[in-house]
Amino acid sequence: MKWDPATAPDLSVVERVVHREPTRMPYIPGLLSFREIPAALGAFEKLSVMPELVMVDGQGIAHPRRLGVAAHLGLWLDLPTIGIAKSRLYGQHAEVGEQRGDWVPLYAGPETIGAVLRSRAKVKPVYVSPGHRITLETSMAWVMRCLGRTKLPEPTRLADRLASRRDQRK
DNA sequence: GCGACAG
DNA sequence: ATCTTGTCGC
């Protein structure tokens, strides 16, 4: 079935898996995907249900080479992906409004590579950028649709929490 | 040469 | 990312 931000019924969790493996590379700005993707692919191999859309903790095309971790992972998986980063890596933008939902474009010269979204009042905005096989408009619609009362959309927030040490219930 | 720099 | 301190909301 082909879902739509407006008709998606709920945000219920379908499946959860955790995959860990040693890092092979240090963190180098601009090369994050080479450090994170090997483990990410391992996690996807453990899934019994393949997602139809993936939200990644990092940049999509808002990257010097337009290949942030979300864009890069989307290519490997051949799935639509959206990058939602907690801070800026690349691009310029104006000040964002202070109201929840306010946003401004993120530019790389004349090109729009993403959006800076105030996902929650009084909190630093998030950087949303298309990853693979999706437009910025659709990316924004899904991110807004998945926002709870927190800064990060539920998929990213829950995944991050699941990976943390204090959520290793069985 | 200097500063910036996802997680 | 990780660490630490203080504050806020349910």
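**Conventions**

I number residues from 1 along each chain as its sequence is written, and chains are lettered from A and ligands numbered from 1 in the order in which they are written. Since the model is predicted, local features need pLDDT of at least 70 and side-chain atom pairs count only at pLDDT 80 or more, while totals for chains, interfaces and linings use all residues; side-chain values use heavy atoms, with hydrogens and water left out.

**Overall form**

I began with the elements, taking helices (H or I, at least four residues) and strands (E, at least two) as DSSP runs numbered from the N terminus. Chain A has four helices and five strands, and from the N terminus on they follow the order α-β-α-β-β-β-β-α-α.

I then looked at the extent of the chain, with the radius of gyration taken over C-alpha atoms and the globule rule set at 2.2 Å times the number of residues to the power 0.38. For 170 residues a compact globule would have a radius near 15 Å, and the 16 Å of chain A agrees with that. Along the principal axes, the C-alpha atoms fill a box of roughly 45 × 35 × 35 Å.

For burial I used relative accessible area with a 1.4 Å probe and protein chains only: buried is under 20%, exposed is over 50%, and partly exposed is in between. On that scale, buried residues make up 39% of the 170 residues in chain A.

**Strand pairing**

I count two strands as paired if DSSP finds at least two bridges between them. Strand S1 (residues 54-57) and strand S2 (residues 81-85) run parallel and are joined by four bridges, with Met55 standing opposite Ile82 in S2. Between S1 and S2 the chain crosses through helix H2 (residues 69-77), and this β-α-β crossover is right-handed, which means that, with the strands pointing away from the viewer, the path from the first strand over the helix to the second runs clockwise.

S2 also pairs with S5, here in the antiparallel sense and over five bridges, and the partner of Gly83 in S5 is Ser129. Strand S5 (residues 126-132) in turn pairs with S4 in the antiparallel sense over three bridges, where Ala115 has Val128 as its partner in S5.

On the S3 side, strand S3 (residues 103-108) is joined to S4 by six bridges in an antiparallel arrangement, and Pro105 has Ala115 as its bridge partner in S4. S3 and S4 form a hairpin with two residues between them, and Gly109 in the turn has a positive phi of about 70°.

**Which strands are covered?**

I checked S2 and found that five of its five residues are buried. Thr81, Gly83 and Ala85 point one way from S2, whereas Ile82 and Ile84 point the other way, and all are buried. In a regular strand the side chains alternate between the two faces of the sheet. For strand S4 (residues 111-117), five of the seven residues are buried, so S4 is largely enclosed by the rest of the structure.

**Single residues**

Leu77 is found in helix H2 and is buried at a relative accessible area of 18%.

Asp78 lies in the loop between H2 and S2, and its phi is near 60°, a positive value in a residue other than glycine. Lys122, in the loop between S4 and S5, has a positive phi near 70° and is likewise a residue other than glycine; Lys122 is exposed, with a relative accessible area of 85%. Most residues other than glycine have a negative phi.

**Second largest pocket**

I used a 1 Å grid over the protein atoms alone, on which a pocket is an open set of points with protein on both sides within 12 Å along at least five of seven lines, and lining residues have an atom within 4 Å of a point. About 160 Å³ of space lies in the second largest pocket, the volume being the space filled by probe spheres set on the points, which are joined across faces, edges and corners. Its lining includes Lys86, Arg88, His93, Arg118 and Tyr127. By class, the lining has four nonpolar, two polar and five charged residues, where Ala, Val, Leu, Ile, Met, Phe, Trp, Tyr, Cys and Pro count as nonpolar, Asp, Glu, Lys and Arg as charged, and the others, Gly among them, as polar.

Notes:
On a 1 Å grid over the protein atoms alone, a cavity is a set of points where a 1.4 Å probe fits but cannot get out, and a pocket is an open set with protein on both sides within 12 Å along at least five of seven lines; lining residues have an atom within 4 Å of a point.
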